[in-house]
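Subject: Structure handover

Hello,

Here is the structure I promised to pass on. My notes on what turned up follow below it.

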Amino acid sequence: MTRGTAVSRRRTTAQAARGPLQVDGEVFSVKRVGDYFHLTIVADGIAERTRPGNFVALSVGDHTSANLLRRAFSIYRVKPAGIYGGTVEVIVAAHGPGTSWLASRHRHDRVNVVGPLGRPFALPKQPVACALVGGGYGSAPLFGLAEKLRERSCTAHMVLGASTEARLFGALEAKRAASSVTVTTVDGSVGIKGVVTDPLPTLLARHDIDVVYSCGPMGMLRAVTSVATQHGAWSQTAVEEAMACGVGVCMTCVLPVVGDDNITRMVRSCVEGPVFAGDKVRWDAIGTVPAGTYGTPVSSTRP
Amino acid sequence: MTALTPADVDLTTVLADAHLDNPVMTASGCAAAGQELHQFFDVSELGAVVTKSVMRDPRSGRPTPRMAETPSGMLNSIGLQGPGITAFLARDLPWLLQHDARPIVSIAGSSLGEYAELARRVGNTPGVAALEVNISCPNVENRGSVFACDPFQAARAVAAVRRDTPRGVPVFAKLSPDVTSIVEVAEAVMEAGADGLVLINTLLGMHIDLTTLRPLLGGGTGGLSGPAIRPVAVRAVWQVAAALPGVPIIGVGGIRTGADALEFLLAGASAVQVGTVIFNDPSAPRRVIDELRAELAVRGFAKASDAVGFAHRSTPGGST
């Protein structure tokens, strides 16, 4: 089969297949990458439905597990079914019991996968200049995004930042995927000593950036949005909120977002996000229900 | 008892005036209004879809963090975020009916007047299988106003709902386990006109964050749910079934498998709700139907109703 037919077939499937699947996945590999773990799971059907910015919710343990809540991960890469079954790849930071369990899997272990979930990054219709900003392993979904952008003749300038070199993810791959790469570390172990927002204003000006995509910790997203807005660029942020289900039923992953009608609502980051227009998120009010939010008691909405 | 084939087991369930194809429902607050789970299985295959408690007005809920994972369970402090009854009736309930689901609508009021208004508006909508009265949500601003913590207040709320709900639409009262005697509350709400009971809501709990050294949940306290609370729920069903024989009971609390569901039937529940485990396995409610059928078959129960209250019989293993 030529590459051309494979691509066109994939497009047909992608148009037909919608919504998430629940798949009893099989671990293909777990590789250590700096401080992170790169997990590849054979999970048929996920790849064909995935767009950059989607995520998967992985269960922890088997059907008797005491850790009931699924862990959400941005999708790093997918490969559609070919000679082998389709795979989905995620980057895991093992900082709790669930993520440690996932990081300690071996080939052929089972991991239940629900996905792809959430709204993906919105892609420009015009060939515009884009910046892609990733904090730590938040860079994971940006490589697939860069590929899609460049398919559309957009430029994709990457800025990757972390506290230290071991917590950077994908700096080498970025050289292949991106039009340019800028690296920052807080301790200066590699790249510019500082944070992603230090080189960002210069980069936005030099390349006359129209759209800034970002994924990483909330504080970074807030700062990136602020720089993008000052520059007059459109901002797309993939947020990290704690989720219990990932599919829209538990109502735990809400954050205050302003709608087109200028009303703030507590919206689910799993189904209405994880990608939001950065200027619509009430970054200052995360962790609160700001006064005037839709559905707050009248007594607390006084100006 | 001789084992049967699962296909031979009759799962039909009668709860007061509600006739259901099978005894498995979603638990309120764990399935929204069905749309999201319909991506994983056909919601019309469930005995009923119990919707997230709807209030009269739109409600933003509590600040985050709203959940904490706990051993075999979780704490939540959502605070009844929801669209309000007008949007629910315009959008969510019609969706369920269009998809041939049997909706049981959970209502929550902050006053007796609100309960009555919700009862009128929901009860008069054709296609509603039953009302579930949430008098026991722990995530309200004033813990003292949790109706289900006081038999008198619980009875008043249920009476207000029953009075304004059309005959033929059963009213089920969902009770809190955080009381000295759940039997006393059960008796009070049955006397007030409830057609049956839903046992149990979450237990009030707390988790303290060892990094901030403060309560983790935005609301401070939260409702504990999941397999961790299953023995408490089974005990509540058992006690109420023993004290009020013949009262329809819907059992809920930590059901993960068909075997768990069977345990509730044996304790005296005629139907069950699957809740928190949906977050672990979004297909769980549909899966539990098949598993329950198999568990009944292997024990020789030809009908699910034959297992209801079986554990109360004095001769263990007696023939059905």
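Met251(A) sits in the loop between strand 13 (234-238) and strand 14 (254-258) of chain A. Helices (H or I, at least four residues) and strands (E, at least two) are DSSP runs, numbered from the N terminus. Met251(A) is not a glycine, yet its phi is positive, at about 65°. With 12% relative accessibility, Met251(A) counts as buried. Buried means under 20% relative accessible area, exposed means over 50%, and partly exposed is in between (1.4 Å probe, protein chains only).

Before going on, note that this is a predicted model: local features need pLDDT of at least 70, side-chain atom pairs count only at pLDDT 80 or more, and totals for chains, interfaces and linings use all residues. Residues are numbered from 1 along each chain as its sequence is written, chains are lettered from A and ligands numbered from 1 in the order in which they are written, and side-chain values use heavy atoms, with hydrogens and water left out.

Ser72(B) is not a glycine either, and has a positive phi of about 50°. Ser72(B) is in the loop between strand 5 and strand 6 (73-76) of chain B. Its relative accessibility is 23%, so Ser72(B) counts as partly exposed. Just after helix 4 of chain B, Gly193(B) has a positive phi of about 115°.

Next, the cis peptide bonds. One runs from Thr64(B) to Pro65(B), with omega near -5°. Pro65(B) belongs to the loop between strand 4 (49-50) and strand 5 (67-70) of chain B. Another joins Leu199(B) and Ile200(B), with omega about 15°. Ile200(B) is in the loop between strand 10 (196-199) and strand 11 (203-206) of chain B.

**Helix 3 and what covers it**

Helix 3 of chain B takes in residues 151-164. Its 14 residues should span 20 Å at 1.5 Å a residue, and the end C-alpha atoms are 20 Å apart, which agrees. The expected span is 1.5 Å times one less than the number of residues.

Which residues of helix 3 of chain B are buried? They are Ala154(B), Ala155(B), Ala157(B), Val158(B), Ala160(B), Val161(B) and Arg162(B). Their cover includes strand 7 (103-107), helix 2 (112-123), strand 8 (130-134), strand 9 (171-175) and helix 4 (182-191) of chain B. Contact here means heavy atoms within 4.5 Å.

**Helix pairs in chain B**

Two packed helices are described by the angle between their axes and the distance between the axes. Axes are lines fitted to C-alpha atoms, for helices over the stretch in contact, and angles run from 0 to 180 degrees between N-to-C directions. Angles under 35 degrees count as roughly parallel, over 145 as roughly antiparallel, 65 to 115 as roughly perpendicular and the rest as oblique.

Helix 2 and helix 3 of chain B pack at about 30°, with axes 8 Å apart. They are therefore roughly parallel to each other. The contact is made by Leu112(B), Tyr115(B), Ala116(B), Ala119(B) and Arg120(B) of helix 2, with Arg156(B), Ala157(B), Ala160(B), Val161(B) and Asp164(B) of helix 3. By class, these residues are 7 nonpolar, no polar and 3 charged. Ala, Val, Leu, Ile, Met, Phe, Trp, Tyr, Cys and Pro count as nonpolar, Asp, Glu, Lys and Arg as charged, and the others, Gly among them, as polar.

Helix 4 and helix 5 (residues 230-243) of chain B pack at about 55°, with axes 9 Å apart. That pair is therefore oblique. From helix 4, Ile182(B), Val183(B) and Ala186(B) meet Arg235(B), Ala236(B), Gln239(B), Val240(B) and Ala243(B) of helix 5. This contact has 6 nonpolar, 1 polar and 1 charged residues.

Helix 4 of chain B has buried residues too: Ile182(B), Val183(B), Val185(B), Ala186(B), Ala188(B) and Val189(B). They pack against helix 3, strand 9, strand 10 and helix 5 of chain B.

Asp92(B) lies in helix 1 (residues 85-98) of chain B. At 9% relative accessibility, Asp92(B) counts as buried. Asp92(B) touches Ala33(B), Gln35(B), Pro83(B) and Ala87(B), leaving out residues up to four places away in sequence. Asp92(B) and Gln35(B) are 57 residues apart in sequence, and 8.3 Å apart in space, C-alpha to C-alpha.

Glu114(B) is in helix 2 of chain B. At 8% relative accessibility, Glu114(B) counts as buried.

Best wishes
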